[in-house]
Amino acid sequence: MRSMSMRASFVRLSICLAAAVGATTLSGCLFGGGKDDVDPLALAAQTEPADQLYNQGLANLEGGRLGEATKKFDAIDRQYPYSEWARKALVMRAFASYRNGDYDTAVTSSKRYLATYPGTSEAAYAQYIQGLAYFRRIPDVTRDQRDTARAVAAMQEVVDRYPDSEYAEDARSKVRVARDQLAGKEMQVGRYYLERREYLASINRFKTVIETYPNTRHVEEALSRLTEAYYAMGLTQEAQASASVLGQNFPDSQWYKDSYALLESKGLKPQAGGSDSWFAKAAGLITGRG
C-alpha cells in the first residue's frame with residue numbers, strides 16, 4: 001500500500017511540476033496549500049535512489065562544490081543507513097570535509113567509518129584521511145602540539161595496519177615530519193630552561209629528544225646543548241661524554257665544533273662514557289642499534 005501511495009504522490013508531483021508557473025508553490029498543488037504541507041521538492045530529494053545521490057555527490061566534489069557534495073553524502077547516510085552506498089558515502093563525507101577544511105568533521109566521520117566498517121577496502125583510506133586532518137592542524141612549534149601527536153598516531157596506524165596500501169608511503173613521510181616537529185617542541189622548551197639556567201629541566205628535555213626522536217634533525221643540537229648544560233653544572237665527565245657521542249655520529253657538524261671548543265677552553269676533550277652509561281645507550285639509539 002505504501003509503495004502505491006508513493007507512486008501516486010510522484011504522479012501528482014509530475015503533474016504539478018508540469019503545471020507550475022511563476023511563483024506558484026508546488027506544495028499547494030499536492031497537498032492543498034496548508035501551512036504544514038510537505039515540500040514536494042524535499043520529498044523528491046528524499047526518494048532519490050542511493051546511487052544517484054552518490055554520483056551527484058562525486059560530481060559536486062569534482063566540481064569543487066564541497067558543501068553540496070557533503071549534503072548528498074549525508075542524505076545517503078540518513079535515507080539508506082548501513083547500506084553499501086551509505087558505507088561508501090561515509091568515507092567520501094570524511095574526504096569532502098577534509099577538502100573543505102572542516103577537519104573536526106573529517107576526523108569524526110573517519111573514526112565512525114573505522115568503528116562501523118573496520119575490515120573493508122576503504123578502511124585504509126579512512127584512516128589516512130584522519131591522519132591528514134590532524135596533520136593539517138599541526139601548529140607552530142611554539143604552540144601546543146597535541147594535534148601533532150595525534151597526526152603521528154593516526155599516520156602510524158596506516159603504516160602498521162595497512163603497510164601495503166597506496167597510502168603507507170606518504171603516511172611514513174608525514175610521521176617523520178610530525179615527529180621532527182615534536183622534537184622541535186622539546187628543543188624549544190629545553191632552550192628556554194637552559195637560558196634561565198634551569199639546567200636539570202633543560203637536560204631532561206634534551207634527553208627526551210635523543211631517546212624518543214633519535215632520527216630527527218634535532219639530535220645534533222640536543223647533544224651539543226647537553227654538553228653545554230652539563231658543563232655549566234660542573235659535570236665535566238657528562239659534558240665530555242655528550243660531546244663524544246656528538247663527535248662519533250656527526251664529526252663534521254658545527255654543533256660538534258662548538259662543543260669541542262667549549263671543552264677545549266678548559267683543557268678538556270670529548271671522552272666516551274662507560275659501556276653501561278646513558279650515553280652509550282644514546283649512541284645506540286642514534287645509530288639504530290639501541
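Student: Why is D164 called exposed?

Tutor: D164 has a relative accessible area of 79%. Exposed means over 50%, buried under 20%, and partly exposed in between, with a 1.4 Å probe and protein chains only. The value for D164 is 79%, so D164 counts as exposed. The model is predicted, so local features need pLDDT of at least 70 and side-chain atom pairs count only at pLDDT 80 or more, while totals for chains, interfaces and linings use all residues. Residues are numbered from 1 along each chain as its sequence is written, and side-chain values use heavy atoms, with hydrogens and water left out.

Student: Where is D164?

Tutor: D164 lies in the loop between α9 (146–161) and α10 (168–195). Helices here are DSSP runs of H or I with at least four residues, numbered from the N terminus. The C-alpha atoms of D164 and A124 are 9.8 Å apart, although 40 residues separate the two along the chain.

Student: What makes α6 largely enclosed by the rest of the structure?

Tutor: Of the 16 residues of α6, 12 are buried, so the helix is largely enclosed. Among them are R87, L90, F95 and Y98. The cover over the buried residues includes α4 (50–62), α5 (66–79), α7 (103–116) and α8 (123–135), where contact means heavy atoms within 4.5 Å.

Student: What about α8: why is it called largely enclosed?

Tutor: In α8, 13 of the 13 residues are buried, so this helix is largely enclosed by the rest of the structure. One of the residues that I129 touches is F95; V91, A94, Y98 and A106 are others, not counting residues up to four places away in sequence.

Student: Why are α12 and α14 called roughly parallel?

Tutor: Helix α12 (residues 219–233) and helix α14 (residues 254–264) pack at an angle of about 15°, with their axes 9 Å apart. The axes are lines fitted to C-alpha atoms over the stretch in contact, and angles run from 0 to 180 degrees between N-to-C directions. Angles under 35 degrees count as roughly parallel, over 145 as roughly antiparallel, 65 to 115 as roughly perpendicular, and the rest as oblique. The two helices are therefore roughly parallel. The contact involves residues including R225 and Y231 of α12 and W255 and L262 of α14.
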